[in-house]
Amino acid sequence: MNRPAPNLVNLERVHKSYGVRPLLDGVSLGVGVTDRVGIVGRNGDGKTTLLELLAGREEPDQGRISRSRDLHLGYLAQRDDLREDHTVREAVLAGRADHEWAADATTREVVEVLLAGVPLDRGVAGLSGGERRRCSLAHLLLTDHDLLILDEPTNHLDVEAVAWLADHLARRSAALVVVTHDRWFLDAVCTTTWEVHDGVVDAYDGGYAAFVLAKAERQRQAASSEARRQNLVRKELAWLRRGAPARTSKPKFRMDAATALIEDVPPPRDRLALERFATQRLGKDVVDLEDVDFSRGERQLLRHATWRLGPGDRVGLVGVNGAGKTSVLRLVAGELAPDAGRVKHGRTVAIAHLTQALDDVDESERVLDSVQAIRQVTRVADGEVTASAMLERFGFTGDKLTTRIGDLSGGERRRLQVMRLLLEEPNVLLLDEPTNDLDIETLNVLEDFLDGWPGTLVVVSHDRYFLERVTDSTWALLGDGQVVMLPRGVEEYLERRRASTGPVGGASTGAAQDPGSGSSRSSGDLRDARKAMTRLERQLGKVDARVAALQAEMATAAADHERLTALDAELREATASREAIEEEWLEVAEQVG
């Protein structure tokens with residue numbers, strides 16, 4: 001009889017504390033040769049500490065850690081080990097010339113995706129934090145390992161690079177242990193989930209979706225008194241069960257159990273109610289970019305671009321790193337001016353802009369005082385929320401309420417920054433990479449709050465799960481100077497990028513390009529097709545606005561049967577028109593793709 005292969009790493013009754021706080025208390029677990037483990041838990045609960053112990057970078061206070069003989073282990077830490085006196089070529093490719101590394105297909109793929117836009121002969125000392133991170137990941141992936149341990153590998157990757165990384169890891173034979181807050185990535189690569197909390201590690205079979213189901217089932221069986229926590233888990237499970245827009249396969253858990261748990265759970269948000277409330281707060285006009293030219297340095301980001309944001313729109317904006325997403329947000333916010341055309345704001349618009357930088361706040365101020373100074377009570381679509389209740393929602397309880405802001409961790413400061421912004425009661429919210437430094441539990445809370453937030457929302461994020469969860473439409477900067485609507489969301493964006501660049505993330509970094517790889521269609525035909533797509537996307541935007549307006553009118557005319565009948569006829573006509581435009585758009589998209 002065949003015996004199972006021994007584990008690569010075993011932890012036996014391991015204890016680890018920092019100060020008086022135990023992070024791991026008697027934990028026993030192992031990583032097998034075929035395991036693909038995703039680790040989740042709140043910031044500060046010990047996820048990174050567990051990785052450091054598995055990798056041998058930390059020793060336990062008590063207990064035993066054993067590793068198989070001749071184990072080849074690769075570790076991506078949050079702080080890199082790059083040498084400052086090296087070039088990128090030396091740090092990642094051991095100094096190999098272009099013709100040497102480009103001859104290997106795997107090496108060429110890793111370099112073209114992760115080092116796109118980074119000159120190979122540039123010095124490590126001059127790299128940004130994101131570029132250093134991608135160099136470390138590229139170096140790790142170009143070496144064979146029995147076990148890969150990755151701490152937040154998707155940080156500083158755009159949405160298509162994240163998709164590429166998931167596919168790359170799925171093709172590798174190495175065992176994998178990964179900490180990430182990117183739930184789409186967890187579902188795509190992991191077959192086991194470990195939750196680190198209260199000094200223990202709970203194991204669940206399956207990826208993130210299966211973990212949510214199993215956790216909800218455990219809570220139900222235990223008759224937990226944490227009603228709000230259970231409701232959040234069930235709400236997210238309902239989202240997963242009904243299928244995220246770009247999900248390519250059904251989550252691998254028992255459908256009957258999932259259905260029983262969520263049979264009375266409504267959709268995440270009431271779009272009609274939110275749009276109606278948003279219209280009351282904003283009126284018809286919100287932000288319009290009209291025939292805008294917009295450049296940053298030598299790069300022209302927008303050219304004769306028109307983009308309209310209406311009341312209650314919930315928009316995700318995607319594009320490769322460097323496409324100008326952050327700059328376009330600043331243009332919408334009025335922080336930058338267009339070179340030509342105009343950016344028009346409605347009279348009642350109150351914009352709040354969450355940037356990627358942490359706010360410049362008084363670090364001596366206490367958490368509770370800093371929040372109460374903004375507002376004691378804030379309004380949402382279904383009522384009011386007090387500042388203290390908001391603090392509790394976002395994990396600030398007990399001693400944390402009186403903690404100096406300067407003593408908070410990066411993740412805690414990001415949480416406070418988001419919450420302070422929400423308390424200002426903006427009616428237009430611009431979020432630039434809001435998931436940075438936030439753990440999954442906090443992301444659940446933020447998503448739940450946004451479900452009841454009545455206003456216009458624009459999100460830039462590499463976190464595909466968050467983007468699809470909180471927005472209703474996806475728009476893209478594809479490098480042609482336009483803001484383009486994508487009816488099929490992120491999946492369509494990835495398809496169009498693959499069609500236009502070849503491999504996902506492909507960009508010239510010194511590798512030889514195949515001159516025969518171009519499309520057989522003429523550039524004139526492609527240009528005409530893209531113009532047609534832009535025209536159809538504008539028509540779709542107008543029809544969508546008309547459909548939403550008719551639905552809102554029907555909601556207010558429920559008692560007027562005659563008016564309701566007339567509105568219903570108009571709605572059917574508008575819906576039919578939308579379907580016809582979508583069909584035409586798909587035909588044109590095939591020509592482009």
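Reader: Which residues of helix 4 meet which residues of helix 6?

Author: This is a predicted model. In helix 4, Thr 106, Glu 109, Val 110, Val 113 and Leu 114 take part, and they meet Ala 161, Trp 164, His 168 and Arg 171 of helix 6. By class, this contact has five nonpolar, two polar and two charged residues.

Reader: Why are helix 4 and helix 6 called roughly antiparallel?

Author: Helix 4 (residues 105–114) and helix 6 (residues 159–171) pack at an angle of about 155°. Angles over 145 degrees count as roughly antiparallel, and the two helices are therefore given that name. Their axes lie 10 Å apart.

Reader: Is the crossing of helix 4 and helix 6 left-handed or right-handed?

Author: The crossing of these two helices is left-handed.

Reader: Where is Thr 154 found, and why does Thr 154 count as buried or exposed?

Author: Thr 154 belongs to the loop that lies between strand 6 (147–151) and helix 6. A residue is buried under 20% relative accessible area; Thr 154 has 0% relative accessibility and therefore counts as buried. Leaving aside residues up to four places away in sequence, Thr 154 touches Val 162, Thr 180, Asp 182, Phe 185 and His 462.

Reader: What makes strand 8 and strand 9 a pair, and in which sense do they pair?

Author: A pair needs at least two bridges. Strand 8 (residues 192–197) and strand 9 (residues 200–205) have six bridges, and they pair in the antiparallel sense. Thr 192 stands opposite Asp 205 in strand 9. The hairpin of strand 8 and strand 9 has two residues between the strands, and there Asp 198 takes a positive phi near 50°.

Reader: What is the order of the strands in the open sheet, and what makes a strand an edge strand?

Author: The six strands of this sheet follow the order 14-17-18-12-19-20, with mixed pairing. An edge strand pairs on one side only, as do strand 14 (351–354) and strand 20 (483–486). On average, neighbouring strands of the sheet are turned by 20° against each other, direction ignored.

Reader: Which helix lies across strand 14 and strand 17?

Author: Helix 15 (residues 410–423) lies across both strands and runs at about 175° to strand 14.

Notes: Residues are numbered from 1 along each chain as its sequence is written. This is a predicted model: local features need pLDDT of at least 70, side-chain atom pairs count only at pLDDT 80 or more; totals for chains, interfaces and linings use all residues. Side-chain values use heavy atoms; hydrogens and water are left out. Axes are lines fitted to C-alpha atoms, for helices over the stretch in contact, and angles run from 0 to 180 degrees between N-to-C directions. Helices (H or I, at least four residues) and strands (E, at least two) are DSSP runs, numbered from the N terminus. Angles under 35 degrees count as roughly parallel, over 145 as roughly antiparallel, 65 to 115 as roughly perpendicular and the rest as oblique. A crossing is left-handed if the near helix is turned anticlockwise from the far one by less than a right angle, and right-handed if clockwise. Contact means heavy atoms within 4.5 Å. Ala, Val, Leu, Ile, Met, Phe, Trp, Tyr, Cys and Pro count as nonpolar, Asp, Glu, Lys and Arg as charged, and the others, Gly among them, as polar. Buried means under 20% relative accessible area, exposed over 50%, partly exposed in between (1.4 Å probe, protein chains only).
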